[in-house]
Amino acid sequence: MTVESEVSAESGPRFLTKEMRKKIEEITGRYPTRRSAIMPSLFLAQEEYGYLCDEVLLEVAEALGVPEVWVYEIATFYTMFNTTPVGRFHIKLCTNVSCLLLEAGSLLSHLEKRLGIARGETTGDGLFTLSVVECLGSCDTAPVMQINKTYYETLSAEGIDQILEELKARPADGGREGAPA
Amino acid sequence: MMEKVLLKNAETPDSHTVGAYEASGGYQALATVLRDYQPDELIELVKESNLKGRGGAGFATGVKWGFVPKDPALKKYLCCNADEGEPGTFKDRAIMEKDPHQMIEGMILCAYAIGAETAYIYIRGEYTLSIQRLEAALQEAYDKGYLGQRILGSDFNLDIYVHCGAGAYICGEETALIESLEGRRGQPRLKPPFPAIEGLYASPTVVNNVETLACVPHIVTRGAEWFSAIGSASGPGPKLYCLSGHVRKPGLYELPMGIPLRELVEEHAGGAKPGRKIKAVIPGGVSAPMILESDLDVCMDFESLAAAGTMLGSAGVIVIDDNDCVVRVATRITEFFAHESCGKCSPCREGLSWAVKILRRLENGEGKEGDLEQLDFLCDGIFGNTFCALGDGAAWGLRRALQHFRDEFVYHVEKKECPFH
């Protein structure tokens with residue numbers, strides 16, 4: 001089933017643009033079932049909007065012609081999908097064993113202090129969200145964090161301060177948090 | 001030292017491009033197979049090489065391929081498991097970032113052997129550079145006629161698609177990977193039926209790890225005999241070992257299967273940091289129980305490590321020195337498994353979060369009498385009673401930590417403090 005919806009004044013705010021719907025249709029061509037296209041479609045939407053609000057989930061379900069609950073369960077099961085807003089820079093600090101052994105725990109405290117927020121929170125200016133994540137697969141360069149899509153390795157407290165300053169100075173048209181590639 | 005096989009191109013400029021790969025002999029194996037081999041002959045060759053899966057379970061790759069029904073009317077699928085999430089592991093990322101065509105050629109060869117015309121690379125979403133490199137490499141392979149219709153003029157067709165995971169460790173388990181690829185929550189399926197009979201979209205499916213597939217072109221080019229003569233006879237070949245934690249030279253090392261763990265840690269990774277002594281080593285990612293320093297002479301192969309009460313797993317070697325606390329490490333590992341439990345079965349879902357509560361209590365100096373016995377009881381209740389290997393790995397590792405380092409745990413309970421922090 002192909003869903004070709006037009007943006008109309010009556011239907012209220014629409015999140016999936018014509019281009020995005022076209023891209024979603026293209027993605028469905030990779031799989032024998034439309035259900036398989038849910039994850040890539042959610043990444044596409046998250047790339048655009050930074051997080052997945054309920055309306056986006058409903059529109060993805062409608063575009064794919066699948067039950068809404070199928071989309072909702074994917075958005076809530078997988079940790080890389082944000083169902084609440086995140087800051088412009090989403091800091092994901094690894095605290096798994098290899099990083100823990102090289103004192104990622106004290107880097108977490110440092111980040112919390114520097115940003116004035118606890119893990120899982122976003123700064124008041126909407127610039128930073130701080131998350132703790134599981135292994136990022138860069139254990140030989142521990143401690144490691146990923147900010148949006150970029151890896152930062154062999155971290156120290158001083159190094160983190162520099163990175164934060166550099167990000168704060170970055171012009172506001174930088175990339176959004178969202179899709180993996 | 002063994003010549004580099006899987007990492008031979010890693011330091012070459014533009015090693016991720018098709019030009020660099022071809023210049024090193026890449027895609028010759030594909031040309032040879034399409035010219036000289038029937039699919040069954042390729043399966044036999046891989047069986048003869050005795051290649052065992054590098055994802056963790058160590059199942060014989062050729063045997064796995066041989067389980068796929070031959071009926072040409074059945075649609076078959078290949079999934080490359082690039083969902084490298086085992087803490088302490090970063091080998092597949094290196095292959096995908098530095099030499100993605102090696103893995104892609106391995107996939108094409110596998111697809112030819114099992115008769116698949118569609119393949120997916122299920123890759124963890126965090127691996128942004130790997131994803132970019134794979135997408136670019138696939139495009140190059142299409143442009144060169146290594147993928148698509150009538151590959152290299154043969155009647156073999158194959159399409160490969162990249163599918164990004166979204167942060168669930170459990171999707172490294174092959175049936176959870178299949179569920180996820182079908183657009184569901186990543187929860188393991190009951191086996192049998194095994195994927196080779198009924199996998200993706202209820203069709204015969206092979207799921208192979210990145211490093212496993214990357215071995216295949218070399219087996220074709222240099223022969224099964226050459227491959228099976230490298231390292232351990234029971235599970236031979238070149239192997240990527242990931243060294244991290246308290247060592248002087250953490251990094252990725254390519255060495256033969258079966259190298260002694262002590263040689264790996266002390267010679268290649270430079271041993272403990274100045275003034276420190278190694279206390280324990282996790283040999284195969286956090287699903288593999290830690291072993292004591294006195295057991296480091298064990299060889300890094302499936303059988304030797306099993307005999308030592310642990311496993312090769314993903315060959316993610318994490319070194320813990322005498323300045324760190326095993327209770328802290330065990331707590332963090334159990335937190336990881338509790339977080340990544342898919343929630344399908346009670347022993348794993350409830351047992352692990354219960355164990356985390358107790359472990360955190362110990363770490364915070366609030367341990368109570370009976371806590372260690374309760375942890376023992378939970379391990380017994382989880383191990384062997386879960387739907388998939390996630391719960392087993394979690395309980396196995398915790399149980400071994402409790403056995404090996406009972407004194408440290410007892411200290412936390414009795415003194416109500418950590419002797420290290």
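Which residues in α3(B) meet B:Leu109, B:Tyr112 and B:Ala113 in α6(B)? The legends below refer to a predicted model.

**View 1. Contact between helices α3 and α6 of chain B.** The residues of α3(B) that meet B:Leu109, B:Tyr112 and B:Ala113 in α6(B) are B:Pro39, B:Leu42 and B:Ile43. By class, this contact comprises six nonpolar residues, with no polar and no charged ones.

**View 2. Crossing of helices α3 and α6 of chain B.** Helix α3 spans residues 39–49 of chain B, and helix α6 spans residues 100–114 of chain B. Their axes come within 7 Å and cross at roughly 120 degrees. Angles of 65 to 115 degrees count as roughly perpendicular and those over 145 as roughly antiparallel; α3(B) and α6(B) are therefore oblique to each other. The crossing in which α3(B) passes α6(B) is left-handed.

**View 3. The side of chain B that touches chain A.** In chain B, 43 residues are in contact with 34 residues of chain A. Elements of chain B that give two or more residues to this side include the helices α7 (128–143) and α13 (326–340). The strands β3 (159–164), β5 (238–245), β6 (251–256) and β9 (316–321) of chain B also give two or more residues each. With six residues, α13(B) gives the most to this side. The residues of chain B on this side divide into 21 nonpolar, 13 polar and nine charged.

**View 4. The domains of chain A.** Domain 1 of chain A covers residues 18–77, and domain 2 covers residues 89–168. The C-alpha centres of domain 1 and domain 2 of chain A are 29 Å apart.

Key: Residues numbered from 1 in each chain as written. Chains lettered and ligands numbered in written order. Predicted model: local features only at pLDDT ≥ 70, side-chain atom pairs only at ≥ 80, totals over all residues. Axes fitted to C-alpha atoms, helices over the stretch in contact; angles between N-to-C directions. Helix = DSSP H or I, 4+ residues; strand = E, 2+ residues; numbered from the N terminus. Parallel < 35°, antiparallel > 145°, perpendicular 65-115°, else oblique. Left-handed = near helix turned anticlockwise from the far one by under 90°. Contact = placed C-beta atoms within 7 Å. Nonpolar A, V, L, I, M, F, W, Y, C, P; charged D, E, K, R; others polar. Domains from an automatic or database assignment.
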